[in-house]
Amino acid sequence: MTPLILYYLKVNIALAILYIFYRLFFRNDTFLGAKRIVLLSIYLIAFLYPFADLSIWLTGKENISGLVHLYTNVLFFESPVSQIIPATQETGSYDWTGLCWEIGGGIYLLGFMLLLFRCIVELVYIARLMICCKKEQIEGTWVYVMPRQEEPFSFFRCIFIHPSSYKEYELKKILVHESAHVCQGHSVDVILSQLIVIFCWINPFAWALKREIVMNHEFLADRRVVCSGYNKKEYQYYLIGKEYHAISTAAANLYNHFSVLPLKKRIIMLNKKRTQRFGQLKYLLFIPVTGILLLLSNVDAIARVTSKVMNGVPQPAVEEVSVPAIPQEKSKKQTEDHIFTVVEKMPTYPGGEEALKKYIEEHRQYPKDALEKGKSGRVVVTFIIDKDGSISDVEILKGVYPSLDKEAKRIVSSLPEKWTPGEQRGVKVKVKYTIPIIFTLPKAQPAQ
């Protein structure tokens with residue numbers, strides 16, 4: 001998987017998680033300004049968090065390093081490198097995976113280009129209106145007078161309206177509503193959300209986020225009308241009456257229109273009791289959620305730095321990782337007695353990982369009872385490599401079947417040669433190590 005595709009997946013996963021979180025806890029609040037900031041922050045977090053690199057910091061945290069080391073050894077052994085054979089070269093069969101990627105990429109690009117083209121068409125339409133429409137001042141507000149009846153809308157600092165379609169009291173409300181969109185810069189939000197929808201069009205949560213942003217704009221503009229002195233009840237009656245002769249084609253993507261849909265939500269928000277002030281504290285919950293996304297984004301990278309995997313056996317490669325200095329208050333004796341999970345120089349088996357794998361394969365004996373019952377799987381064994389390279393405290397971290405677990409423990413305990421011990425800041429230390437031992441049932445021989 002290429003870095004670009006991985007980044008795209010992380011962005012869309014974050015959009016989904018953060019939208020669901022927003023919908024569960026914040027959607028019905030009356031803190032409209034805070035909600036606008038939160039909705040835009042979702043975009044900021046989703047697109048920036050994949051770039052954060054916490055590997056150096058996390059590898060220095062003993063508890064987290066242990067979790068990452070376990071993650072590496074438990075989850076990364078399903079597909080040993082040596083078993084991955086390109087289908088088109090070795091088996092002679094067609095590379096269906098590659099074909100699916102190509103088709104999927106083609107569909108994505110087609111949707112991307114169509115939405116981008118639609119966006120450009122709308123920009124051209126607005127530009128033509130600005131050139132062709134006459135500019136007038138109505139009720140102290142400069143507007144572009146559209147030549148025919150269309151739903152009024154605003155785009156950045158421009159308001160477009162067909163004045164003769166409305167009575168004077170209606171026109172005033174509409175102008176206040178659209179002026180709120182202009183003054184509060186809602187077009188910037190709409191443009192940003194539209195660009196993200198184009199980029200992430202296959203993600204339904206990207207579309208849902210845009211709808212939430214546009215709806216929040218309508219709430220803000222409605223509140224501006226009511227706060228300007230217009231009667232709340234009369235304004236609601238006007239919206240209800242407007243629903244029956246609204247032009248359905250008025251809902252465009254790039255500008256703020258005087259929409260009446262969904263009318264029910266707007267009226268509910270106008271009459272909703274203000275959320276209590278202390279409710280704003282829950283917006284701080286976005287901080288730990290962002291922290292979780294950062295951790296999940298970095299676990300894979302940290303795991304690969306901590307322990308590379310080759311042919312089903314872990315190959316520690318963390319010598320280049322910068323580890324924070326040992327606190328001065330720790331004596332050398334304390335350091336030597338401490339059991340590390342990740343150190344600057346990891347322990348190595350004589351002959352390297354290939355030699356370790358070869359020994360395991362040559363001395364692995366399939367228990368008879370497990371063979372008869374068809375038991376197989378991966379047993380994860382953990383043990384401590386002492387300062388002299390000897391092995392102690394051999395334990396089963398993840399078992400499969402009693403006899404298979406016993407055999408895996410026997411193999412590790414019987415390793416004939418001492419390891420090269422691990423070192424931390426030039427001092428030999430105890431290191432907790434984890435390896436998987438895979439038991440695969442032998443294939444049945446074809447009848448002669």
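Before I show you any angles, one definition: a helix axis here is a line fitted to C-alpha atoms over the stretch in contact, and angles between axes run from 0 to 180 degrees, taken between N-to-C directions. Keep in mind, too, that this is a predicted model.

So, hello everyone! Let's start with helix H7, residues 168–183, and helix H9, residues 204–227. Their axes are 8 Å apart, and the two helices pack at an angle of about 125°. What do we call that arrangement of H7 and H9? Angles over 145 degrees would count as roughly antiparallel and 65 to 115 as roughly perpendicular, with the rest being oblique, and H7 and H9 are therefore oblique to each other. The crossing of H7 past H9 is right-handed.

Who is touching whom? On the H7 side we find Lys 173, Val 176, His 177, Ala 180, His 181 and Cys 183, and on the H9 side His 217, Glu 218, Ala 221, Asp 222, Arg 224 and Val 225. Sorted by class, that contact has five nonpolar, three polar and four charged residues.

H9 has another partner, helix H8, residues 186–199. The axes of H8 and H9 cross at roughly 170° and come within 9 Å. That makes H8 and H9 roughly antiparallel to each other, because the cut-off for that word is an angle over 145 degrees. Among the residues that meet here are Val 190 and Val 197 from H8, and Trp 207 and Ile 213 from H9. This contact divides into six nonpolar, four polar and two charged residues.

Now let's look inside. The largest nonpolar core has 30 residues, and Leu 15, Ile 42, Cys 200 and Phe 286 touch the most other members. H1, H2, H9 and H12 each supply at least two residues of this core, and H1 gives the largest share, nine residues. Which residues does Cys 200 contact, leaving aside neighbours within four places in sequence? They are Tyr 8, Val 11, Asn 12, Leu 15, Phe 47 and Ala 206. There is also a second, separate core of 27 residues, including Val 381 and Ile 437.

Most residues other than glycine have a negative phi. Phe 156, though not a glycine, has a positive phi of about 55°. You can find Phe 156 in the loop between strands E3 and E4, and at 37% relative accessibility it counts as partly exposed. Arg 425 is not a glycine either, and its phi is positive at about 55°. Arg 425 sits in the loop between strands E11 and E12 and is partly exposed, with a relative accessible area of 43%.

Technical notes. Residues numbered from 1 in each chain as written. Predicted model: local features only at pLDDT ≥ 70, side-chain atom pairs only at ≥ 80, totals over all residues. Heavy atoms only, no water. Helix = DSSP H or I, 4+ residues; strand = E, 2+ residues; numbered from the N terminus. Parallel < 35°, antiparallel > 145°, perpendicular 65-115°, else oblique. Left-handed = near helix turned anticlockwise from the far one by under 90°. Contact = heavy atoms within 4.5 Å. Nonpolar A, V, L, I, M, F, W, Y, C, P; charged D, E, K, R; others polar. Core = buried A, V, L, I, M, F, W, Y, C linked by side-chain atoms within 4.5 Å. Buried < 20%, exposed > 50% of the residue type's maximum accessible area, 1.4 Å probe, protein only.
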